[in-house]
Amino acid sequence: MSITYKDAAGIEAMRVACRLASEVLDYLTPLIKPGITTNDVDRLAAEYMVKQGTTSATVGYMGASSVPFPKSLCTSVNHVVCHGIPNDKPLKKGDIMNVDVTVIKDGWFGDNSRMYVIGDASIAAKRLCSITFEAMWHGILQVRPGAHLGDVGHAIQKFAEGQGFSVVREFCGHGVGQRFHEEPQVLHYGRPGTMEELKPGMIFTIEPMINAGKRDVKEDFKGGQYDGWTIVTRDHSLSAQWEHTVLVTETGYEVLTLSEGSPPLPSFVTSTKT
């Protein structure tokens, strides 16, 4: 599969789909608190998608799994790295959770995720969430025509590892547009000047998964059986992830998954587009 470069109409359609995906997370933000279950979060998101005229990209999605994903979003709590399936276990004070939402609007996919701190978490947990957010933005700041995907991965890796954390290698960002997952693959580690050269019209996600402990991950065989999706840290350490969908413009980048409730930019970031 080759890289798809979006024209003006495709870019505008992606702006709409990505804003709507971000607005789902806006809607969920005040509702995520101790006592709510991740199934509740899934149900509320599904109802909101109906109201905004979108559909979930994850329901029934197979990807590389042999099991269709059963829910409208992913909820990855504490040591779950990614692809957590919503369930009936209530969230408790001190948990951290990634909520990953991809919506489809008029055939275009908007993909993003955020971290949520449930109640008041430990200093270490909050620091992991904060550093992961900043690591994503260090990667975004590398996006411009003529740069390479290796520049993005290197910036993320250098910052995260410099803070004492580790970068998951097995999962990566990806191109997105009229398909959920397109080329290129966007690694969150690497060497400057390597991998694909960035060109205007490319749209892809940057979504680093950062672990508090070692970078190793494994399939979650809770109860002796794998659900086909859930990935956890091998050492049971906390993991965090943030995700934006980014457009390569003629002069730099434009973050597409933004809305009124998006988290404030890090202090070292001056603009959501250049």
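Reader: Among contacts in the chain between residues at least 6 apart in sequence, what share joins residues at least 24 apart?

Author: Keep in mind that this is a predicted model. Taking the contacts between residues at least 6 apart in sequence, the share that joins residues at least 24 apart is 70%.

Reader: How many helices and strands are we talking about, and what is the radius of gyration of the chain?

Author: The chain has four helices and 15 strands. For 274 residues the globule rule gives 19 Å, and the chain comes close to that, so it is as compact as a globular protein of that length. Its radius of gyration is 17 Å.

Reader: Which residues does UniProt list for the Peptidase M24 domain, and how far apart are the end C-alpha atoms?

Author: An unreviewed UniProt entry lists the domain at residues 12–250. That span is 27% helix and 25% strand. Its end C-alpha atoms lie apart by 15 Å.

Reader: Is N211 buried or exposed?

Author: N211 sits in strand β10, which covers residues 209–211. Buried means under 20% relative accessible area. N211 has 0% relative accessibility, so it counts as buried.

Reader: And which residues is N211 in contact with, leaving aside neighbours within four places in sequence?

Author: Contact here means heavy atoms within 4.5 Å. With the neighbours within four places left out, the partners of N211 are V81, L128, F165, S166, V168, D216, V217, T233, S237, L238 and S239.

Technical notes:
Residues numbered from 1 in each chain as written. Predicted model: local features only at pLDDT ≥ 70, side-chain atom pairs only at ≥ 80, totals over all residues. Heavy atoms only, no water. UniProt positions renumbered as here; feature names shortened; annotations may be inferred. Helix = DSSP H or I, 4+ residues; strand = E, 2+ residues; numbered from the N terminus. Rg over C-alpha atoms; globule rule 2.2 N^0.38 Å. Buried < 20%, exposed > 50% of the residue type's maximum accessible area, 1.4 Å probe, protein only.
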